[in-house]
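Good morning, colleagues. Please look at the sequence and the structure while I describe the overall fold and then a single residue.

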Amino acid sequence: MTETAAALVERLTAIVPDFPKPGILFRDVTPVFSDPVAFGRVCEALAAPFAVGAGFQAVAGIEARGFALAGGIAAQHQVGVLTVRKAGKLPGEVLSEQYALEYGEAELELRPGQLPQGTRVLVVDDVLATGGTAAATITLLERAGYEAIGFASLLELDGLSGRERLEPRLPVTTLGRVPA
C-alpha cells in the first residue's frame with residue numbers, strides 16, 4: 001500500500017525539543033523535502049484542492065521552507081513562483097506588510113509587477129500557526145494586484161487559530177494537525 005502525503009509528513013517530520021528556545025517543540029519538515037517520493041506526493045496533495053476549475057496560475061512561497069514547496073508545486077503544474085521574503089532581502093521596488101508576532105512585529109516583502117494583474121495565486125508554507133505570516137502574504141498579493149485563491153501547508157498547529165484567521169478570506173488546506 002502506498003503511503004499518503006499526510007502519512008509521509010507525519011513519518012518524516014523530525015521533532016526537535018527546545019528549539020529555537022526552551023519549551024518549543026520544533027517540527028523540522030526538511031526531511032520531507034529530501035525524500036523525492038515524499039516531496040512529489042506532498043506537492044501534489046497541497047495543490048490538488050486548488051487545481052480544479054480555474055485553478056492557479058502561480059504559487060507564492062513564504063520564506064523559507066515555503067520556497068521549496070512553491071518550487072515543487074510550480075514545476076508540477078508548469079506555473080511561476082513568487083517569493084515572499086523577510087524585509088531587506090529583495091532589491092528594487094518592493095511592497096511591504098508588517099504583521100504581529102508573539103513578541104513584537106515582523107515585515108514581509110514582495111516585488112510587484114512580476115505577473116499580470118489578476119493572476120490567480122496559491123500561497124504555500126510549511127506550517128500554519130497563528131496565520132499572521134499567511135495573512136500578511138495574502139495582503140501583499142492583493143496589493144500587488146493578484147488574486148490569492150487558497151492557502152496550503154504541511155502542518156497546522158492546534159489551538160493557535162490560524163485557520164480561523166484565514167478562512168474568511170480564502171480556502172485553507174493542511175496535510176496534518178499537531179499540538180502547538
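**Overall fold and one residue**

Among contacts in the protein (heavy atoms within 4.5 Å) between residues at least 6 apart in sequence, 59% join residues at least 24 apart. This is a predicted model, in which local features need pLDDT of at least 70, side-chain atom pairs count only at pLDDT 80 or more, and totals for chains, interfaces and linings use all residues. Residues are numbered from 1 along each chain as its sequence is written, and side-chain values use heavy atoms, with hydrogens and water left out.

The secondary structure consists of 6 helices and 9 strands, taken as DSSP runs numbered from the N terminus: H or I of at least four residues for helices, E of at least two for strands. Along the principal axes, the C-alpha atoms fill a box of roughly 40 × 40 × 30 Å. Of the 180 residues, 44% count as buried, that is, under 20% relative accessible area with a 1.4 Å probe, protein chains only.

I now turn to one residue. Where is T174 placed? T174 belongs to strand β9, which covers residues 172-179. With a relative accessible area of 16%, T174 is buried.

Its side chain makes a polar contact with the side chain of E156 at 3.0 Å, and another with the side chain of R163 at 3.3 Å. A polar contact is a pair of N or O atoms within 3.5 Å; within protein, one must be able to donate a hydrogen and the other to accept it, and residues adjacent in sequence count only if both atoms are side-chain atoms. Leaving aside neighbours within four places in sequence, the residues in contact with T174 include L128, S153, L154 and L155.

How values were computed
Buried < 20%, exposed > 50% of the residue type's maximum accessible area, 1.4 Å probe, protein only.
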